Amino acid sequence: MTTERRHTTPEVRQVSGWTVASVALLALILIAAAIAFAAHRTHTSTTGRGPVAATTSAPPATGEGFDVPTVDAFGRRVDIPRNPAGQLRAQTGPARQPSDPDWLTAPPSGLAEPGGWQRVHGAVVPFSTSDGPTHVRDGIAAGYAHTPQGAAVAAAASINQVAARPGDRTLVAARMVLTAADQAAFDAGIRRRETTCAATGVGDPRVGGA
């Protein structure tokens, strides 16, 4: 019995090591892809100077401030903005530069404060005080700093909002890079969902799960 355990233990350890390494590599790939995607999408939304000193425009006149906050599954405070696009926050955080020692490691400022996480159309998204968003365009928060922190905030907002509203054409066009074939397939899917929703009287074609 003892001999059998001695033969099997190294194999189990080797498998566990490969599993941990594979998961870590996958996580790094996903993080890199999210940052690259967000940086590409925000290139035309901000200047090349890094964090913006203040909000560049006021939110639409559809309500300001927040209603009673909630708590999400991660224990974070989630504020409910009266503006459906989210409540923009003054950019008072530090303007980071590539020469800063914490350029790659510092978190975006303000996320632990009230208004840092907001529920927008069912998705919980970040609103920082250092790296954006800085304005609302077509009902969608935009304007993120050209920093690792800005890329992370933009990626989190994009992923969560598209997951919550995969059928919203304006949102998907703003948050994702689609080829002509992808766009055609997306439009065809929306038309099928609209037909189904009209026939059954159930669901919203812009929201997944209808």
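Me: By class, which residues make up the lining of the largest cavity?
Reply: In this predicted model, the lining of the largest cavity has six nonpolar residues, one polar residue and one charged residue.

Me: Which residues are they, by name?
Reply: The lining consists of Val 125, Pro 126, Phe 127, Ala 141, Tyr 144, Ala 157, Gln 161 and Arg 175. Two elements, β4 (123-126) and α2, each give two or more residues to that lining.

Me: What volume does the largest cavity have?
Reply: Its volume is about 30 Å³.

Me: And how many cavities of 30 Å³ or more does the structure hold?
Reply: The structure holds one.

Me: Back to α2, then. Which of its residues are buried?
Reply: The buried residues of α2 are Pro 148, Gln 149, Gly 150, Ala 151, Val 153, Ala 154, Ala 155, Ala 157, Ser 158, Gln 161 and Val 162. Among them, Ala 157 and Gln 161 also line the largest cavity.

Me: How far apart are the end C-alpha atoms of α2, and what span should it have?
Reply: Helix α2 covers residues 148-164, and at 1.5 Å a residue its 17 residues should span 24 Å. The end C-alpha atoms are 24 Å apart, so the two values agree.

Me: Changing topic: in what sense do β1 and β2 pair?
Reply: Strand β1 (residues 66-71) and strand β2 (residues 77-81) pair in the antiparallel sense, over four bridges.

Me: Which residue in β2 does Thr 70 stand opposite?
Reply: Thr 70 stands opposite Val 78.

Me: How many residues lie between the strands of that hairpin?
Reply: There are five residues between β1 and β2, and in this hairpin Gly 75 takes a positive phi near 80°.

Note on methods. Residues are numbered from 1 along each chain as its sequence is written. This is a predicted model: local features need pLDDT of at least 70, side-chain atom pairs count only at pLDDT 80 or more; totals for chains, interfaces and linings use all residues. Side-chain values use heavy atoms; hydrogens and water are left out. Two strands pair if DSSP finds at least two bridges between them. The expected span of a helix is 1.5 Å times one less than its number of residues. Buried means under 20% relative accessible area, exposed over 50%, partly exposed in between (1.4 Å probe, protein chains only). On a 1 Å grid over the protein atoms alone, a cavity is a set of points where a 1.4 Å probe fits but cannot get out, and a pocket is an open set with protein on both sides within 12 Å along at least five of seven lines; lining residues have an atom within 4 Å of a point. Grid points are joined across faces, edges and corners, and a volume is the space filled by probe spheres set on the points. Ala, Val, Leu, Ile, Met, Phe, Trp, Tyr, Cys and Pro count as nonpolar, Asp, Glu, Lys and Arg as charged, and the others, Gly among them, as polar.
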